[in-house]
Amino acid sequence: MVVASPNLSKTEKIRDIEIPIIDLLADRSEVSKLIVQACEEFGFFKVINHGIPHDVITRMEQQGYEFFAKPESVKQQAGPANPYGYGSKNIGLKGDIGEVEYLILQTNPLSIDHKSKTISSTDPNKFSSAVRRYVEAVKKLACEILDLMAAGLGALDPSVLSRLIRDVESDSLLRLNHYPKADDGATPPSSIGFGEHTDPQILTLLRSNGVDGLQISLDDGVWVPVNPHPVSAFCINVGDMLQVMTNGRFLSVRHRAMLNSYKSRMSMAYFAAPTLDARISSLPLLLTPQKPPLYRSFTWAEYKKAAYSLRLGDSRLNHFKAR
Ligand code: GA4
């Protein structure tokens, strides 16, 4: 069903499509197949029965709520986000603006402990232990999903993707976003919290507090809302690096976050990334004379630098196309 909303710009349409919900406890080869299909068709899917303990999630959420409830002047002490730390409205380094406040954390244990001191001066240990436990759990889940993807793609070495993010020195990030309630009263609301973009990394694991707002963009310019149900699910999406490593077979899809008029939204995104010096190129098994590499090979550091030198909505991958 296509619904043209009177509150969105005239050219925008939203469509009701359910992105796949995949049960990780189902038969392994079936799960691999479903994940590959979802990555080819939508670049997005949800997982249930993912094994992340409920208390690991609620403790992290609780720390997020407590942080965002602090006075602005206290939160600013953990900023500015250039590019890590607390930020409000300003996104990235090139002047993008959103209706969002956020905290971006590097995920290696030393940096978590260090940053926790500026985030929670009263109880830094509680904050850092919630983050460390959450990061450990989502990293494990990310590795498991990448192993299922590799198997589904027919790789002989099932850890060919996950080994890129396993390193303690991996450049993975944890981002907490807090979106205010929209005050435009419109249903569906028309204010954008975080503008359209793709994620530069390998894989994103997103958890939200049961409030909707995430939308993904289909080829034909139609926006598809990703509802936050079932509440126990994680929403997974392909990042630019995975699109490159699968030679364009998996899609790094543009998405955005809208505000809504009934409740503020908090989301927690884990961006699984390689180490800075990791070299990214297509898996050899996906290359044939008919399907030569779509992208040139580059390091994650090179790509990240390009990402920060461009605007949020720019197509970064275009700069890395093979000639
Ligand atoms: C999008 C995905 C992650 O949220 C993020 C974002 C980063 C930022 O907000 O600082 C970027 C954005 C994201 C892509 C392009 C650059 C970098 C803002 C921006 C304009 C933390 C990331 O890694 O890339």
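This note comments on the predicted model shown above, point by point.

1. Basis of the model. The structure is a predicted model, in which local features need pLDDT of at least 70, side-chain atom pairs count only at pLDDT 80 or more, and totals for chains, interfaces and linings use all residues. Residues are numbered from 1 along each chain as its sequence is written.

2. Overall form. The protein contains 8 helices and 16 strands; these are DSSP runs numbered from the N terminus, with helices being H or I of at least four residues and strands E of at least two. Its radius of gyration is 19 Å, close to the 20 Å that the globule rule gives for 323 residues, so the protein is as compact as a globular protein of that length. The radius is taken over C-alpha atoms, and the rule is 2.2 Å times the number of residues to the power 0.38. The C-alpha trace spans about 60 × 50 × 40 Å along the principal axes.

3. Helices α1 and α5. Helix α1 (residues 28–41) packs against α5 at an angle of about 90°, and their axes are 8 Å apart. Axes are lines fitted to C-alpha atoms, for helices over the stretch in contact, and angles run from 0 to 180 degrees between N-to-C directions. This angle makes α1 roughly perpendicular to α5 (under 35 degrees counts as roughly parallel, over 145 as roughly antiparallel, 65 to 115 as roughly perpendicular and the rest as oblique). Val31, Ser32, Lys33, Ile35, Val36 and Cys39 of α1 make the contact with Ile145, Leu148, Met149, Ala151 and Gly152 of α5; contact requires C-beta atoms, placed from the backbone, to lie within 7 Å. By class, the contact of α1 with α5 has 8 nonpolar, 2 polar and 1 charged residues. Here Ala, Val, Leu, Ile, Met, Phe, Trp, Tyr, Cys and Pro count as nonpolar, Asp, Glu, Lys and Arg as charged, and the others, Gly among them, as polar.

4. Helices α2 and α5. Helix α2 (residues 54–68) and α5 pack at about 135°, with axes 9 Å apart. The two helices are therefore oblique to each other. In α2, Val56, Arg59, Met60 and Gln63 meet Phe127, Ala130, Val131, Arg133, Tyr134 and Ala137 in α5. The contact of α2 with α5 divides into 7 nonpolar, 1 polar and 2 charged residues.

5. Helices α4 and α5. The axes of α4 (residues 109–119) and α5 (residues 124–152) come within 8 Å and cross at roughly 140°. That makes α4 oblique to α5. Pro109, Ile112, Asp113, Ser116, Lys117 and Ile119 in α4 meet Pro124, Phe127, Ser128, Val131 and Arg132 in α5. This contact of α4 with α5 has 6 nonpolar, 2 polar and 3 charged residues.

6. The ligand shell. Of the 16 residues around the ligand, Pro83, Gly92, Asp199, Ala307 and Leu312 come nearest; a residue is near a molecule if its C-beta atom, placed from the backbone, lies within 6 Å of it. The elements that give two or more residues to this shell are β6 (96–106), β7 (173–179) and α8 (300–309). By class, the shell around the ligand has 9 nonpolar, 2 polar and 5 charged residues.

7. Backbone features to inspect. Most residues other than glycine have a negative phi, and most peptide bonds are trans. The peptide bond from Asn82 to Pro83 is cis, with omega near 0°, and Pro83 lies in the loop between α3 (72–76) and β5 (85–91). A cis peptide bond also joins His229 and Pro230, with omega about -5°; Pro230 lies in the loop between β11 (222–225) and β12 (234–238). Lys89, in strand β5, has a positive phi of about 70° although it is not a glycine.

Conventions: Two residues are in contact if their C-beta atoms, placed from the backbone, lie within 7 Å.
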